[in-house]
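Trainee: I would like to work through this model with you. Can we start with the pairing of strands and then move to the helices?

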Amino acid sequence: MRTKNILIFSLISSFFLIFLISIWKILATLQGLNINSFNIEVIFVSGFFISLAQIGINDRIKNIYKSIIFSFAVVICDGYLIQKLPLWYNIGVFLILYFFTNKISKYNYNNLKEEHSTQVILFDFLTLFGILFFSFVILFPFYMMIVTSFKTQIALLVNPLDFSINFSQDIKDLFKSYFVIFKSYKFGKYILTSTIVSVGTVVITLLFAIPAAYAVARLNFFGKNFLSTSILIIYMFPAIVLVIPLYTIFSQLGLRNSIEGLLIVYTATTLPVAIYMLQGYFKSIPKELEEAAIMDKLSWFGIITKIIIPLSIPAISSVALYVFMIAWNEFLFSLMFLDNPNSFTLSRAIQYLSGDAETPRQYLMAGSVVVTLPVLFIFVYFEKYLVSGLTAGSVKG
Amino acid sequence: MSDKLISSEKRTAYILTLPAVLLVFGIILFPIFSNVWISFKEVELKDIRIPEPRAKKIVKTISGETTKIKILYKLRNSSLLQEIRDVSFQDKFPKNFEIEKLDPRCSFEKHTLKCEFGNWPAKYREKLNVVFETNDGSNIDKKRLKLIKPKLDGKSDNILLNTNFTLKNFKKVLFENEFLDLLLTTFYYTFFGTVGSIVFGILTAQMVNQKFHGRTFMRSVLLFPYVAPVVALAYTWELLLDPNSGTLNSLLINYQIIETPINLLGQKYIELNVLGFDFKLRLALTTVIMFEIWRYFPLAFLFILARLQAIPKELYEAADVDGASPFQKFFKITLPQITAVISILFMIRFIWNFNKFEDVFLLTGGASGTRTLPINVYQQGFAISDIGMGSAVSIVIVLLLLMFMFFYFKLLGKRVDED
């Protein structure tokens, strides 16, 4: 039983090591290093050996010395003797191995005797594996987007794997793609349009949503239940179904290619979410405050502006941030309604740019960075407010 | 007193909700009804434009005579298809102008030239010449004349408003449009995208629910694909997967995993041999589904994480006392606790994926076997310019969705009863 557990433990940990080193190798390849093989056999054997030795030596040598010795051995074997790679690569391998040996040092003879120990080990390593795997899979496209925007067309064609950025070059050359999209492709104008549309949508949505949400949360009126359920149903409704009728109506009214048209559609599509989120918050405000206000002969308008709004600033700002993000990211309606480059939003402009096969990809990526950064910035900065709203089901997509 | 208060409360409620309700109904519910209307009509993109009578005013000086001026109106019907009835024309002139020769259809009164042109057939064009002279001998300011624009008016049929209905669109959708293939593609895309995103959501939520350094950072990173603009992400993926110089193919070739690049977004089928069985995998569709899973698993992750954090710790402690293994704990405690969230997520994601347009459109444009129903709405309506067909397809989408929701709730209701 124990031998079996030791073998399984060594197998799992060596697979984990292979995964770690492979990711490091891929990243190193993308810095222009010429690595042609993962050397799985070597890594597997060393991982297996380290795990076995780890259990064998156990506490007889201090942890730090043990880790350093193991790491050195593998680095010299793999990186230095077999592949002859530069120092920074080997330092990376060393750190990975150090991390790895530290991770496995908590397992010893006694853990492995316990019931379910293999499952516990598997769970532990799966969690570690998952964290690294998902970080890599999610961050890699973003990394590529940013790095590509700093490269030149020729460099990208010569070696598509070389993603190293040459920081020694002139700032002007480094940011060339950004200068070009702002100068020749009028991205400044598109940013302005996108900002106007998004901020406008936020303002109008809040203007309409706050009174409606207050009514739904507090007042009794005929059709209240119908209204609050239909809000949810409308929220589920697909945008693609609205596209053709709205296109025909907007064409006949001359609202296509206009910011007003976009504002109307965006407001209408974000209103149900905004009302739904706000009324939930308004219900949590104690009623006594309003009763006191009614005693003071405050009108409904006064109650909303003097009591409700100041008390629900956090909820209102998170709704505002959401609506901003929805409007900023929106693509379908801007594709349908805008065909004149003068009224493009950022998303539509990037799509238009990509329609031309001649457009160098670094410009496309520079545009993508420009459209992505504000949203990610808002998201990371205000994350606390936003995550609770996300679970309330506010962002559709 | 209290009656008065109640009625005033009602009135206020209606005033407060009315703007929002009107806007939402106008932009969301009204179009859905007009969709039904349009889907029974033969309408093309070019029919949508309302025909207008137009006039271009050209002012010409007559050489040697400064008090005289010739004006040429180029009149036309903007539509190539429809006639305009009862076209009327109006143009104003300065007070000292007198007309020389009058067209029989026109009159000149109170310094205004008025004409009744009758009916203009489609593509109609005409040139109308008028000569004016000042009655006090003063010179004519050509620029000022140009600034005054003629007004035209006319009646025309709005093709959307007449009552000619046909079932042609629906017949075409169901019988000529490779409907089965379309439905199957949409189903694959929706189903596997939904299941995949939920599976990844469970995995990541389980992962983040454990304690480790940088957990909050990890949580925001996991949400990146969901909050970033779809345009940027789709083009980045396209670059990543590009067969000629894309990073993924270059990497795979570099590490000798494949010999020739694979066109992951442009190849319909790939032959695979698994355990001795040959089968064809729909490659481009699979890639698009992967993108969808990548982009939408964060939503499942968040919902499930919120639920996981609400599971009482005592349950796990009791399980530890009983000596349950981690897998047993997962299957016996965690999974039953999150089934309710998963069933809601399944419905939400199924509906939204079923209608997903942007992702597929940006990645493949619907080519190489990735044509889903929403893509078909766009293609019919705007690429083939058949608005009626596009509407019919979107009506089919709505009907399928309603059917899905009906059965889903029925099934869910049954299960709740059994519990």
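Trainee: How many bridges join S2(B) to strand S7 (residues 125-134) of chain B?
Mentor: Keep in mind that this is a predicted model. S2(B) and S7(B) run antiparallel. The number of bridges that join them is nine.

Trainee: Which residue of S2(B) stands opposite B:Ala55?
Mentor: Look at strand S1 (residues 53-62) of chain B, which 10 bridges join to S2(B). These strands run antiparallel. Opposite B:Ala55 stands B:Leu75.

Trainee: Which residue takes a positive phi in the hairpin of S1(B) and S2(B)?
Mentor: The hairpin has two residues between the strands. The phi in question is near 90°. The residue is B:Gly64.

Trainee: What is the order of the open sheet of four strands with S1, S2, S7 and S4 of chain B in it?
Mentor: The pairing is antiparallel. S1 and strand S4 (97-99) of chain B are the edge strands, and each pairs on one side only. Neighbouring strands of this sheet are turned by 30° against each other on average, direction ignored. The order is S1-S2-S7-S4.

Trainee: Why is one side of strand S5 (106-109) and of strand S8 (151-155) of chain B left without a neighbour in the sheet?
Mentor: Here four strands of chain B form an open antiparallel sheet in the order S5-S6-S3-S8. S5 and S8 stand at its edges, so one side of each is left without a neighbour in the sheet. The reason is that each has a single partner strand.

Trainee: By what angle are neighbouring strands of the S5-S6-S3-S8 sheet of chain B turned against each other on average?
Mentor: The pairing in this sheet is antiparallel. The angle ignores direction. On average it is 15°.

Trainee: Which residue in S6(B) stands opposite B:Glu109?
Mentor: Four bridges join S5(B) to strand S6 (residues 112-120) of chain B. The two run antiparallel. Opposite B:Glu109 stands B:Thr112.

Trainee: Is B:Glu83 buried, partly exposed or exposed?
Mentor: B:Glu83 sits in the loop between strand S2 (65-77) and strand S3 (84-92) of chain B. Its contacts, leaving out residues up to four places away in sequence, are B:Asn119, B:Trp120, B:Pro121 and B:Ala122. Buried would take 20 or more C-beta neighbours, and exposed 12 or fewer. B:Glu83 has 18 inside 10 Å, so B:Glu83 counts as partly exposed.

Trainee: And B:Leu272, buried or exposed?
Mentor: B:Leu272 lies in strand S9 (residues 269-274) of chain B. Beyond its neighbours within four places in sequence, B:Leu272 is in contact with B:Phe279 and B:Leu281. The count is 11 C-beta neighbours inside 10 Å, so B:Leu272 is exposed.

Trainee: How far apart are the end C-alpha atoms of helix H2 (residues 40-57) of chain A?
Mentor: H2(A) has 18 residues. At 1.5 Å a residue, they should span 26 Å. The model agrees, with the ends apart by 25 Å.

Trainee: What arc do the buried residues of H2(A) cover?
Mentor: The buried residues are A:Ile43, A:Ser46, A:Gly47, A:Ile50, A:Ser51, A:Gln54 and A:Ile55. They lie on the same side of H2(A). The face turned away from them carries the exposed A:Glu41 and A:Gly56.

Trainee: Within what arc do the buried residues of H4(A) fall?
Mentor: Those residues are A:Val93, A:Leu97, A:Phe100, A:Thr101 and A:Ile104. On the other side of H4(A), A:Leu87, A:Trp88 and A:Ile91 are exposed. The buried residues line one face of the helix, because they fall within an arc of 95°.

Trainee: Where in chain A is confidence lowest?
Mentor: The mean pLDDT of chain A is 83, and 94% of its residues reach 70 or more. Confidence is highest in helix H10 (residues 187-218), at 92. Where pLDDT is low, the predicted coordinates should not be read in detail. The lowest mean, 69, belongs to helix H5 (residues 109-113) of chain A.

Definitions and conventions: Residues are numbered from 1 along each chain as its sequence is written. Chains are lettered from A and ligands numbered from 1 in the order in which they are written. This is a predicted model: local features need pLDDT of at least 70, side-chain atom pairs count only at pLDDT 80 or more; totals for chains, interfaces and linings use all residues. pLDDT is the predictor's confidence in each residue, from 0 to 100. Two strands pair if DSSP finds at least two bridges between them. Axes are lines fitted to C-alpha atoms, for helices over the stretch in contact, and angles run from 0 to 180 degrees between N-to-C directions. The expected span of a helix is 1.5 Å times one less than its number of residues. The arc is that of the directions from the helix axis to the C-beta atoms. Two residues are in contact if their C-beta atoms, placed from the backbone, lie within 7 Å.
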